[in-house]
Amino acid sequence: MIKVAVTHDVDRAKKTYHYFTKTVKAVFRGSLGASVYQVKSLFTGKNPYWTFDDLLEILNKYQIKSTFFFLNESMKFNPISPGNWALSLGRYNIQSKKIRDEIRRLKSEGHEIGVHGSFNSYKDLNLLKKEKSVLEDILGETIIGIRQHHLNLAENTWELQKKAGFKYDSSWGLNFSIGVEDDKTVPFKPFKDEFLVVPMSIMDAPFVSSEIKWRQFDEMIALVEKNNGVLVLNWHTDSLNDDEFPGYRSDFVKMLQILQSKNAEFFTMTQVYQQFSK
Ligand SMILES: [Zn+2]
C-alpha cells in the first residue's frame, strides 16, 4: 500500500500584478481568448487565486487531511532589481483577518499548518524563528514543520531550522522536474536524531508541463512503494484554478483518483513525522 502526503504551499492568495503580466503574455502569444479572459477577470471582483473552498471540497471528497505551508514574505520591493519583483510583490499579509480566519478554519477541519519559509529564511535563523512564532500566535499551537520557498536549501539550513524549533523539513525536492534528488523517497534523519527530512516528490508546475507525466507518476508510485517511503505531493493553492493555470486542477484531481484506486493511505506531514522519527 502506498503512503501519500498531500501538501500545499500557499505562495499567493490574491491576484495582483499577474493581471498585467498574464495579459501581456497572452497578447504576445497572440491568444485573443486568453487576453480577453485576463482583462475580464480583472473586473469580475472574484479572486481566482483564492481557491480554499474548492480545494477543501476536493479534499473532503477523497477524505484527505492535507498540510498547508503559509508564507510570510518580508523581502522589500526593489524597483531596480527585476529578479526581486515576483518575490516581493503580490504577497499576502499573514496577519490579515482573512488569512488568519482561513488558517484557523483549515486547522479546525483537521488539516495541518506549517511554515513556508520566506525566500531568504533558509540562511537566517532570526527569520525562521520569527515566521514560526507569528504563525503559532495565529494558530494557537506549536508548529513543527517547514518547507522553504523555492526549495532553497544551504548546507546549514536544516541546522538553523532545528535551532528554530522545527522538527521536520520538506524542502528536499526538485523545482523543475518530477522526482526527488538522489531518488530519496524515504524520510531521513540528517543528524541521526529526531529531526526529519521528508522529501517532496512531485510539484505541480513540472508535473503539469511534462509530456510523459502519467508514466512518470506510475514510476514514482512504484519507486515509493518499493522503498516503503512516502509520496509527497505539492500543489500550490494559487494555481488550482484551471482558467488561470490550465491543467493544474484537473491533473490534481486525476492524481487523487488514481491514488484512491490503488488504496493509497493519506497522511498529514505530522503523521509522517510520527511514523518515521522513531
Ligand atoms: Zn513557495
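In helix α6, the residues L127, L128, E131, K132, V134, L135, E136, I138 and L139 are buried, where buried denotes under 20% relative accessible area with a 1.4 Å probe and protein chains only. The structure is a predicted model, in which local features need pLDDT of at least 70 and side-chain atom pairs count only at pLDDT 80 or more, whereas totals for chains, interfaces and linings use all residues. Residues are numbered from 1 along each chain as its sequence is written, and side-chain values use heavy atoms, with hydrogens and water left out.

Helix α6 spans residues 125–139; helices are DSSP runs of H or I of at least four residues, strands are runs of E of at least two, and both are numbered from the N terminus. Elements covering the buried residues of α6 include β2 (67–71), α5 (97–108), β3 (112–117), β4 (145–148) and α7 (157–163). At the start of α6, a side-chain oxygen of D124 lies within 3.0 Å of the backbone nitrogen of N126. Just after α6, G140 adopts a positive phi of about 80°.

Helix α10 comprises 14 residues, 248–261, of which Y248, D251, F252, V253, M255, L256 and L259 are buried. N263, which follows α10, has a positive phi near 55°.

The largest nonpolar core contains 62 residues, among which F70, I202, L231 and L259 touch the most other members; such a core is a set of buried Ala, Val, Leu, Ile, Met, Phe, Trp, Tyr and Cys residues joined through side-chain atoms within 4.5 Å. Helix α10 supplies the largest share of this core, six residues. A second, separate core of 16 residues includes V198, V232, M269 and V272.

Definitions and conventions
Expected span 1.5 Å × (residues − 1). Buried < 20%, exposed > 50% of the residue type's maximum accessible area, 1.4 Å probe, protein only. Contact = heavy atoms within 4.5 Å. Polar contact = N/O pair within 3.5 Å; in protein donor to acceptor, adjacent residues only side chain to side chain.
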